[in-house]
Amino acid sequence: MDVSQYLDMFLDETKEHIQNLSDQIMRLEENPEDADTINEIFRAAHTLKGMAGTMGFTRMQTLTHDMENVFSEVRSGRLKVQSQIIDVFFSCLDALDEYVQNIQNTSEEGTNDNEDLIKKLNDCLPKEETAPEKKEEKKEAAAPKAEADMPAENAGGKWNELKLDDAVISAIKMARDDGDECYGLNVVIQEKCLLKAARAFLVLRSVGERGEIIASNPSTQDIEDEKFDRDFTLIVITDLPLEDLLKSIRNISEIENVTGGVLMLPEKAGETVEQPAKEAPVSAPLPAKETESMGSVPNAQGEIPIAALQNPMAQVAPAAKEETKPQREASTKEEKKAVSAGKHAGNRTIRVDIEKLDELMNLVSELIIAKNSIVSSTQSGKVASKSNVKDNIEYLERVTTNLHESVMKVRMVPIETVTNKFPRMIRDIAKKLNKKMELYISGEETELDRTVVDELGDPLMHLLRNSADHGLESEDVRIKRGKNPVGSIFLDAYQVGNSVVIEVRDDGNGIDIEAVRKKAIERGTITQEQAEQMTDKEIIDLLFLPSFSTAKQVTDVSGRGVGLDVVKAKIESLSGEVEVKSRLGEGSSWIIRLPMTLAIIQTLMVGVGGEKYAIPLSSIQSIETIHHGDVKTVQNKEVINLRGIVLPLVRLYDVLEVEGNRIPEEEMTVVVVRKGERYAGLVIDELIGQLEIVIKPLGKYSKQCKFISGATILGDGEVALILDANALI
Amino acid sequence: MAKSVLICDDAAFMRMMIRDILTKNGFVVAAEAENGVKAIEKYQETHPDLVLMDITMPEMDGIQALKEIRKLNPNAQVVMCSAMGQQAMVIESIQAGARDFIVKPFQADRVIDAVRKALE
């Protein structure tokens, strides 16, 4: 079966399940007895196994199968959850992640069998139970096999060889006297059938509905316990014709063959019942049979032994391997093709609530209606009434605005998709650093554009690591300082206007500004004089310079020199900004501001030197009219004092090198923009108005001018550049 | 008329696969359900000719849902989807009236075979 078309979905859902497992195991660590959590873990592992098996990822299947086994034991209460199991499980999750990564990149699960993990998992299982059972199981499996080979040759009359006790024989006779018939049936189950007992049970039920099973080989109990190889024999009394019985069994799946015939009693005539001489040989084998079944009873009770679970797995694995082999060969042959297939595997899908799509559909149909009414109102022969057209345009505007909103909503995903892996990460870091810490996440339902959310994982992870490693003090230092020995890290996300703020906060040491200052001088990043002039804020900003790490010791967790500069670059590439607030001894907080969406923004259109420019509304604080006389010069820079805040004046025509209105006027229009807590006034020629624009990237050309973040096409076809207010400050 | 089947599995991926297998072979998917509770709801809504029921599901497992559905309609045809190692549960569901069972990982022909036989 070609399963490649399901790969995307498989990956998506597998990731979800792995995440769920991770969450649940975290929960279990705190609450090792919680039955709901244990059930959930079992279920998730089980589902993963089924999915991996279906896709032919046998290694992943084996691993999840063993995980499921362990939790099956936990669930039944035979195994207690210990930290060792939790650790093994987390390692398993990492291994699963690796499989998923491999599958995503190459459509193959890779060749790592993770034998050590599987061994560890098996070590978790209660030993005294599994070991002997395994042996027994093997013996038993071997025994009936030899038995079954023989009768297969003369399967025709197998039922006639069955030794019957006299109660059965007399029952058969009585039935025959009543006009019913007694048949023997031999049922062979297909070799590839996986749950033979259940299959046989279906046969028993089907036959039982049509007659009475008075004897069988092996016993019905043994059949239900899967103590048979591939075939079993039934003796049935029924008033239905044999053909009915055969047909009902043939209609059951996975039955290879069924034969049947009228049962021949050992004595052709019926008078043997009272003959005492015959009693001895008939009853003689009986005790033997009883002891045989007695011997297996303890094993048969309760649940299916683990070994039995593992056995069918072992059989399936090689079969599945063979199946995927030709596929693999093909892929090595056409390696280039495989690479492109791998790329396909990396295609991103997004799951959309059907309601959102319905809404979209609805809006699109409204759009069509709007188009139609415009067409009809301007059709030749009709005099288009101006107000009618205007009405229609207003309607069209409403529809497109809604449409825009809906499409954006479709693209939005909650940041949960990245934040949900953090608790696990903090747990690991805490273990590694031997610090106690707790992560509190709020606002994980806050939605952002999918592309933004995808990119957000790394920077956030870095900030969290930074807080855990550099921010939080060690336990004894915290106790000395009178703080809670358990450190807290907060990740809060919330929406402010058209942007989303994500704050990573800790109650640790905060940034030691003097240490940073010293370090910067040591490194030659700044001179002594510069250092003295710089404000605390500017010093903190030094942290974002490439390769600036103040950690006294480079640890595994963070502080390898690549860091905050990468965070900053990443966030800025998403049109966002990072800001730090810190209080020595009390902790620091890193604030990330991101636009909710990247594609369409609200802007203020302004004119400078006859050109039109768009300034994103999100960065505009106010628009002011300034008298020429109010402009002061400080350190050779023009500034204005606006309600107590001194802000630098940026003459856009100078920056953009265009012909501007350079003749000093009495009054000028200034757009005050804001970046974090810094402001600047942009001097423009004219205000045009507010406009919603679609951002088009300028590609490599825009790199030459850092004040331009993109361009847009206006309604009249004219191109307007979008000013990057952040770069101007 | 094409026979309709209700697919019940907690993994959307599994449902999609089964859906494809069924539709390619001329069956109609009456509805999909991701847990036992939904399965019962959808059963009452759509009255399918057959139900394909996963055993391990959240909210309400397949066996419970099977029992409920058989209560609603004693002639309901339900085929269980199980995984290896669930023999005991499969037997329990057969006792509860399941028509047949298929074992994951699925083979398309096995699914179709079981569905055809159950609908005969």
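**Reading the model, feature by feature**

Mentor: Start with two helices of chain B: G62(B), I63(B) and L66(B) in α3(B) meet M89(B), E92(B) and S93(B) in α4(B). Keep in mind that this is a predicted model.

Trainee: What kinds of residues make up the contact of α3(B) with α4(B)?

Mentor: They divide into 3 nonpolar, 2 polar and 1 charged.

Trainee: And how do I describe the way two helices pack?

Mentor: In general, you give the angle between the axes and the distance between them. Here, the axes of α3 (residues 62-72) of chain B and α4(B) come within 10 Å and cross at roughly 5°. That makes α3(B) roughly parallel to α4(B), because angles under 35 degrees count that way.

Trainee: How many residues does each chain give to the contact between chains A and B?

Mentor: Chain B gives 30 residues and chain A gives 30 residues. On the chain B side, the elements with two or more residues in it are α1 (12-24), β4 (78-83), α4 (87-95), β5 (100-104) and α5 (108-119). By class, that side has 19 nonpolar, 5 polar and 6 charged residues.

Trainee: Now sheets. What should I look for?

Mentor: Strands of a sheet pair through backbone hydrogen bonds, either parallel or antiparallel. In chain A, an open sheet of 5 strands runs in the order β6-β8-β9-β11-β10, with mixed pairing.

Trainee: Why is one side of β6 and of β10 in chain A left without a neighbour in the sheet?

Mentor: β6 (437-442) and β10 (577-583) of chain A stand at the edges, so each has a single partner strand. Neighbouring strands of this sheet are turned by 15° against each other on average, direction ignored.

Trainee: Can you show me one pair inside the sheet?

Mentor: Take β8 (residues 487-496) and β9 (residues 499-506) of chain A, which pair in the antiparallel sense over 8 bridges. One bridge joins Q495(A) to V500(A) in β9(A). Helices pack on the sheet too: α19 (residues 422-433) of chain A touches β6 and β8 of chain A, and its direction makes about 165° with that of β6(A). Helix α25 (residues 564-573) of chain A touches β10 and β11 (587-595), at about 135° to the direction of β10(A).

Conventions. Residues are numbered from 1 along each chain as its sequence is written. Chains are lettered from A and ligands numbered from 1 in the order in which they are written. This is a predicted model: local features need pLDDT of at least 70, side-chain atom pairs count only at pLDDT 80 or more; totals for chains, interfaces and linings use all residues. Two strands pair if DSSP finds at least two bridges between them. Helices (H or I, at least four residues) and strands (E, at least two) are DSSP runs, numbered from the N terminus. Axes are lines fitted to C-alpha atoms, for helices over the stretch in contact, and angles run from 0 to 180 degrees between N-to-C directions. Two residues are in contact if their C-beta atoms, placed from the backbone, lie within 7 Å. Ala, Val, Leu, Ile, Met, Phe, Trp, Tyr, Cys and Pro count as nonpolar, Asp, Glu, Lys and Arg as charged, and the others, Gly among them, as polar. Angles under 35 degrees count as roughly parallel, over 145 as roughly antiparallel, 65 to 115 as roughly perpendicular and the rest as oblique.
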